[in-house]
Amino acid sequence: MGSGIAAHLANVGIRCYLLDIVPAELTDEERKRGLTLQDRQVRNRLAATGLERALKARPAAFYVPEQASLITVGNLEDDLEWLSEVDWIIEAVVERLPIKKSLFEKVAKYRRPGTIVSSNTSGISVNAMIEEMDEDFRRHFLGTHFFNPPRYMKLLEIIPTRDTDPDVVEFMRRFSTDVLGKGVVIAKDTPNFIANRIGTFGMLATIRIMLSRGYRIDEIDAITGPAMGRPKSASFRTLDLVGLDTFVHVAGNVRENVEDPAEKEAFSIPDFVQEMLKRGWLGEKSGQGFYKKIKRDGQSQILTLDYTSMEYVPREKPRIESLGKAKGIQDVGQRVKHLLEAGDRAGSFVWEVLKLTLLYTAKVTPEIADDILSVDNAMKWGFNWELGPYELWDAIGVKESVERMAAEGEQIPAWIQEMLDAGHTSFYMDRRMYDFRGRQYVEMPTEPRVMRLAAIKKGESVVKRNTDASLVDLGDGVACLEMHSPNQAITPDFVKMIYESLEEVDRNFVGLVISNQAKNFCVGANLLLLLMEIGQGNWDGIQSMVKAFQDATLAMKHFHKPVVAAPFGMTLGGGCEIALAAHRIQASAETYIGLVEFGVGLLPGGGGNKELLLRHLEAVPSDGQIPFDLTPYVARVFEQIAMAKVATSAHEAKKMRFLRPSDNISVNGDFLLYDAKRTVLDMVRDGFRPPAPARIKVLGEAGRAALEAMTYNMMKGGFISEYDKFIADKIAYVLTGGEAPAGSEVSEEYLLELEREAFVDLCRQEKSQERMRHMLSTGKPLRN
């Protein structure tokens, strides 16, 4: 965790020191090199190894590897004096109170007064850690519990002590939100704080119900994943990712630090889990856990643990009708309600788990948090639940569910019963939440930089709408084109709305933002629709669809008012092309952008070849004297498209020139729409003018031959197939200007025509159609 936290600090441009203990022994490699325990390289080995691990982490801990240069490694014996230079000291050592207290005593000798100190503990009392420290240390000390991996997990629990200065708490909350991009929850100093307390209880309840009712492990994961508004990894796959040893440690911390015997029992570890721990079946880190991947007949196969025999058996897909129907229900509250009403094998399990988890959450909330919103946010940001427990309780009906719980003999927490007795039947009402202390509704805290399209659209802000897109008034003269087609795929209706939005903005707005607030910005074209057109042999229709999209992106590019794309998550294929066509990109830091059409047997068809080429050519030096060879620049574009390369962060996207140096990045994804709107207004203020139509110098036949030679050598080396080369040569033909002479300048429309012809020709190829069908059925590219 220490190196992961350091990596994320480096991600946002903060220089930091990474210190670890001094090794007690030399490694064999160190002995061979003649090193001793006194050598600096040996003494810094553990910190250096942590940094190397962060550089190799998958998913990547750094936005780009270069950011590791902001981290300096050292050790806890030679380099503690460095602490006098810093503004924030974060402890992330082993979860043992005596060790933490001992370290803080050493830290105090070098720490400047006023320097903030925090512990990344996942559950040890922060008050107990510093009870013997001086007043200034105590006033500037608090818990900062990052969730792993720190770059990707949104939740940061901040835990003040009895003595923490309120100004320090507020500063850390704002800093963590604004600079680190975290979702901050203020937690009380109780065992495992908020998210781990509730999440671990829910997991153990899941296991016990499974055991008592004879469900299979893979059956439980089918029920407790997206059907319940939880991640795809569901329950046991999540435990394999987290590590069984970590889970058992977290559960043990609650069990050892609570007084209620029933609660202690709820956090006890079932026998078969203890047996797994004894055998070292910890999950991914040990190669097997609740699941085990094997190779059989040359094919990878995932087995699931049969806890009755402690043997691994083939996975089974449960055939439960309510689960099948749940997949078609978009609203998670309605989805869970459907399962509960079904009352079948899935529904009865969901009820038992929810009943126990909701009642436990209500019981401990006054102990662990100041309000229900903190609990809901902790579970959404720390465990990736779509709805927090109180939001979900509202969705299934508080009054009805509590009556059922009481009828089944469950004890209802007093404040819940008092709330219902007072006629309050929901935890949230508009922008108010129920305050369990004051027994009344109070206003929820607001953050003006968090703009929710769903809330905005509840008013009279929808200017235009069709099946797949809406134009929404964001205020201050800025409109937002929101895509809401299934999976945010590009469709004719969305393309139509691009044109209509530009017309509306021309008349009534100063600029346009293109974004949405689904899981991903846009995953590309609607392959099913394309395959239907192919199946009917409607080549003219496909040509018209492609041209309509090309014309739409070109219209965006040359529109006389600013257009800002605000991508996030998967921004692939046509989604990338929409972003490339905008005048400015305001990207979430977690934007995964690329032109990936090659994977389905196609090339970019919405201007992506042209726009990426232009971005790379912008990097060509232009002193007007020396004619630079454009081949290396075009070759990089060709490689990106023909290898379907995807940037794994917005920062990497800048390196790959999907983003220009002038484009902006939002570390906190919650502020993305606000930042994009502000970018539009800034462009208007600065006197925005659209770019002039581009003239593009092309390499012609000689340059194309160089690119084709690259793919020929790769094919002969067995790295690509003959059909891969066929597609790549189409891309090379477009990027080098087709039959245009080398060194000539062509228009944007000329390259778009080449792109369109190549796209339609690839659609005619059976092998491309096979790749499209394979992607639709498996979600994975096919090499044929």
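Welcome! Your tour starts with a count: 62 salt bridges, each one a side-chain nitrogen of Lys or Arg within 4 Å of a carboxyl oxygen of Asp or Glu. The model is predicted, so local features need pLDDT of at least 70 and side-chain atom pairs count only at pLDDT 80 or more, while totals for chains, interfaces and linings use all residues. Residues are numbered from 1 along each chain as its sequence is written, and side-chain values use heavy atoms, with hydrogens and water left out.

Select Glu-30 and Arg-45 to begin. Their side chains form a salt bridge, 2.9 Å from N to O. Glu-30 belongs to helix H2 (residues 28-32) and Arg-45 to helix H4 (residues 45-56), so this pair links parts 15 residues apart in sequence. Helices here are DSSP runs (H or I, at least four residues), numbered from the N terminus. Glu-30 is buried at 7% relative accessibility, and Arg-45 is buried at 18%; buried means under 20% relative accessible area, exposed over 50%, and partly exposed in between (1.4 Å probe, protein chains only).

Next, pick Arg-197 and Glu-367, whose closest N and O atoms are 3.2 Å apart in a salt bridge. Arg-197 sits in helix H9 (residues 195-213) and Glu-367 in helix H17 (residues 345-368), so the pair ties together parts 170 residues apart in sequence. Arg-197 is buried at 0%, whereas Glu-367 is partly exposed at 35%.

Now move to helix H14 (residues 271-279), where Glu-275 and Lys-278 lie three residues apart, about one turn of the helix. Their salt bridge spans 3.7 Å, N to O. Lys-278 is exposed at 68%.

Finish at helix H27 (residues 608-617), where 10 of 10 residues are buried, including Lys-610 and Arg-615.

Note on methods. Helix = DSSP H or I, 4+ residues; strand = E, 2+ residues; numbered from the N terminus.
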